[in-house]
Amino acid sequence: MGKNEASVDAPALAVLEMLARESPPSHFEELLHQGRRQPLPPERLAELERATRLALDIHSSANQRRQREAVMAALVDTVHDMTTPYDPDGLLKVITSRARRLIGLDMAYISLRKPDGGSYIHSSDGDTTALNVGLVVEESHGLGEMAQDKGAPFWTADYLNDDRIPHLEGVDAVVRAEGLHAIMAVPIFQGSEPIGALYGADRVVRHFTPNEISVMRSLADFASVALERAHLLDRTQTEIAELEASGLKARGTIARMAYLDDVRSRLIAQVLNGSDLHDVTTTAAEALGATVAVLDAHGRMPASSGEMSGVDEALTSRATLETHAARGPVALSEHLWAAPVSAGVENLGVVLLRITRPPGPEAQRFLRFLAQAVALLLVVQRSTAVAAGPIRDEFLEDLLAASPRSPHRLATRARQLGLDPDGSYVVVLARPEGSEHGKAVVWASSYAYRHSGLKTVNSGSIVLLLPGSDASAAAQAVSDELSPLLGRPVTVGAAGPAEGLASVCAVHQEALRCLDAMIALDGAGSAASMDDLGFLGLLLSDDHDVEGFVSSVIGPVLDHDAERSAGLVPTIEAYFTSGNSPTRAAAHLHVHPNTVVRRLERITELLGAGWQKPGRSVDIQLALRLSRARDVLRRRRESAPDAQGGPPRMS
């Protein structure tokens with residue numbers, strides 16, 4: 001049976017057959033048109049018309065179902081895409097691309113709100129110019145602002161000709177450049193607050209269907225959730241990075257604290273093992289990577305791990321006041337910190353820390369501990385000196401006695417007290433002026449202990465036996481430390497060196513004569529050694545070492561003349577005889593004045609500048625006279641007849 005016969009005899013069956021073949025709607029319209037041209041009975045024509053309408057409805061429903069299925073599949077794909085770990089910028093590009101493909105749009109884009117009002121186009125898909133992305137839309141203008149304000153989709157079939165929309169010239173210019181007509185905007189929310197809008201646009205006049213608007217709303221909802229997820233992921237990653245950085249910093253801090261705890265143990269061990277301040281400051285400086293110095297209660301710097309420049313009296317006073325007032329570390333400047341050194345209420349000084357960057361809390365705690373360790377060391381040294389004082393005092397008193405002693409016993413006792421029996425020592429006598437004798441004795445015990453020496457009290461004077469060979473420097477060092485402590489002058493005399501402990505008694509006698517000479521010469525309150533007294537030292541010395549005196553004063557000149565016969569000694573004598581006049585000295589020597597000038601320059605090189613000044617010139621003239629007298633006596637002794645009455649010896 002043909003198609004025409006089926007349409008006449010059984011119109012419903014013909015329609016069903018076309019539905020089964022999924023014929024397009026135009027075939028149904030053609031079947032109905034053929035039925036109307038044929039002379040069908042009225043009931044058959046009505047049946048055909050009704051069957052055709054039903055078939056078209058079924059066909060439309062099937063198409064809509066397939067379209068919804070396609071949209072749902074696309075939405076599922078979109079949701080799947082949004083589970084991929086995109087960054088926010090990449091996610092917005094995925095959304096615009098998906099919206100354009102789902103609804104068959106020419107262009108899709110997203111705007112985001114600015115913190116100060118208005119919005120800007122963040123990303124776009126399908127645009128043909130570079131004008132859209134980055135475009136700023138002022139508040140209360142454009143479809144997006146309207147949709148966000150109303151909290152609902154807003155669309156227009158022809159944007160430029162729609163008077164409902166508050167237009168903005170910049171936006172309209174972009175719409176013209178892109179050739180857009182139909183535009184739809186759907187708000188994007190974060191919680192209950194709008195954060196932007198999703199746009200779909202066509203380059204023809206188009207009326208959007210409810211299904212298309214619904215799809216756009218779904219995409220906007222997905223975008224909201226995905227953006228929140230992306231922002232949450234970004235915040236989480238940032239927090240994780242911060243936590244990792246904090247963990248790394250915490251591990252570094254813990255390692256640093258463990259290291260400083262180990263250094264604390266080393267410092268305590270050094271204090272208990274009898275190390276000095278230099279060892280303690282060096283260990284602390286290495287631990288902190290800085291320079292550490294100790295100032296005593298009088299502003300002196302007995303120990304430093306390196307150069308500590310800029311420490312003057314004003315800074316010292318400020319450090320002492322601020323640290324002891326704060327009872328802890330204080331910042332004197334950006335790179336200089338200080339901590340108080342104290343034992344109870346007694347001020348023992350200050351620890352200074354010069355560091356390249358401000359110390360952290362653990363470094364400040366370590367600085368506080370370092371100050372306590374220094375205080376402990378000073379107290380231990382003082383206590384040790386006091387405890388060992390009677391035995392050491394007794395040994396020094398034995399050394400000062402003139403009674404003979406066994407060398408073996410002397411050496412044994414010296415080694416028991418940590419002294420070298422064959423070393424070089426100087427004897428220093430300090431006589432305080434006033435009533436602070438007891439305080440001076442306590443200080444002397446600590447000073448002798450710190451310098452590995454001995455101390456005793458003899459005839460109202462403090463006697464110090466100190467390792468070394470420079471008596472003058474030792475006398476000045478004692479004066480510099482003891483006078484500020486007592487707040488009054490101290491007369492200090494010294495002699496030496498004594499080569500070995502057996503000769504300490506003789507050197508002590510010279511130191512006594514030096515101290516007596518200083519007082520006789522109205523030198524109370526000053527510091528000097530036997531060498532500082534010049535020819536007076538020669539007169540007061542026990543052995544009257546003329547050879548040593550002459551050699552120490554003009555020895556370089558005598559040696560130079562002996563090697564080269566340069567006539568320097570006669571030149572000095574003529575220079576002093578002529579009243580320090582090079583011209584008269586030249587006339588006396590029968591040489592040219594320039595010769596005398598050159599010789600005087602050479603003498604200055606040998607003796608040093610200032611040899612013509614009164615103090616040194618007296619010693620030089622005395623040395624010249626002693627040297628000449630010694631030569632005369634030697635020549636006379638050599639020219640005298642020997643004991644057997646032989647002929648005189650020729651010099």
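**Group meeting: spaces and contacts in a predicted model**

About 850 Å³ of space lies in the largest pocket of this predicted model. A pocket here is an open set of points, on a 1 Å grid over the protein atoms alone, with protein on both sides within 12 Å along at least five of seven lines. Grid points are joined across faces, edges and corners, and the volume is the space filled by probe spheres set on the points.

The pocket is lined by 28 residues, and those closest to its centre are Asp-296, Leu-378, Ser-446, Arg-450 and Glu-481; a lining residue has an atom within 4 Å of a point. Which element gives the most to this lining? It is α13, with six residues. At least two residues each come from α9 (277–288), β7 (291–296), β11 (346–354), α11 (361–400), α13 (437–450) and α14 (471–486). Helices (H or I, at least four residues) and strands (E, at least two) are DSSP runs, numbered from the N terminus. By class, the lining of the largest pocket has 14 nonpolar, six polar and eight charged residues. Ala, Val, Leu, Ile, Met, Phe, Trp, Tyr, Cys and Pro count as nonpolar, Asp, Glu, Lys and Arg as charged, and the others, Gly among them, as polar.

A word on conventions. Residues are numbered from 1 along each chain as its sequence is written, and side-chain values use heavy atoms, with hydrogens and water left out. Because the model is predicted, local features need pLDDT of at least 70 and side-chain atom pairs count only at pLDDT 80 or more, while totals for chains, interfaces and linings use all residues.

I turn to the cavities, sets of points where a 1.4 Å probe fits but cannot get out. The search of the whole structure finds two of 30 Å³ or more. The largest cavity has a volume of about 150 Å³. Its lining comprises 17 residues, with Tyr-109, Ile-121, Val-171, Val-175 and Tyr-199 nearest the centre. Two or more residues come from each of β1 (107–113), α6 (142–150) and α7 (169–178), and α7 gives the most, with four. The lining of the largest cavity has 13 nonpolar, three polar and one charged residues.

Next, a helix pair. Helix α18 (residues 568–577) and helix α20 (residues 593–607) pack at about 105°, with their axes 10 Å apart. Axes are lines fitted to C-alpha atoms over the stretch in contact, and angles run from 0 to 180 degrees between N-to-C directions. The two helices are therefore roughly perpendicular, the term for 65 to 115 degrees. Contact, meaning heavy atoms within 4.5 Å, involves Leu-568, Thr-571, Ile-572 and Tyr-575 of α18, and Val-596, Arg-599, Leu-600, Arg-602, Ile-603 and Leu-606 of α20.

Finally, two backbone details. The peptide bond from Gly-496 to Pro-497 is cis, with omega near 15°, and Pro-497 is placed in strand β15 (residues 490–499). Arg-327, a residue other than glycine, has a positive phi, near 55°; Arg-327 is found in the loop between α10 (313–326) and β9 (330–331).

Note on methods: Angles under 35 degrees count as roughly parallel, over 145 as roughly antiparallel, 65 to 115 as roughly perpendicular and the rest as oblique.
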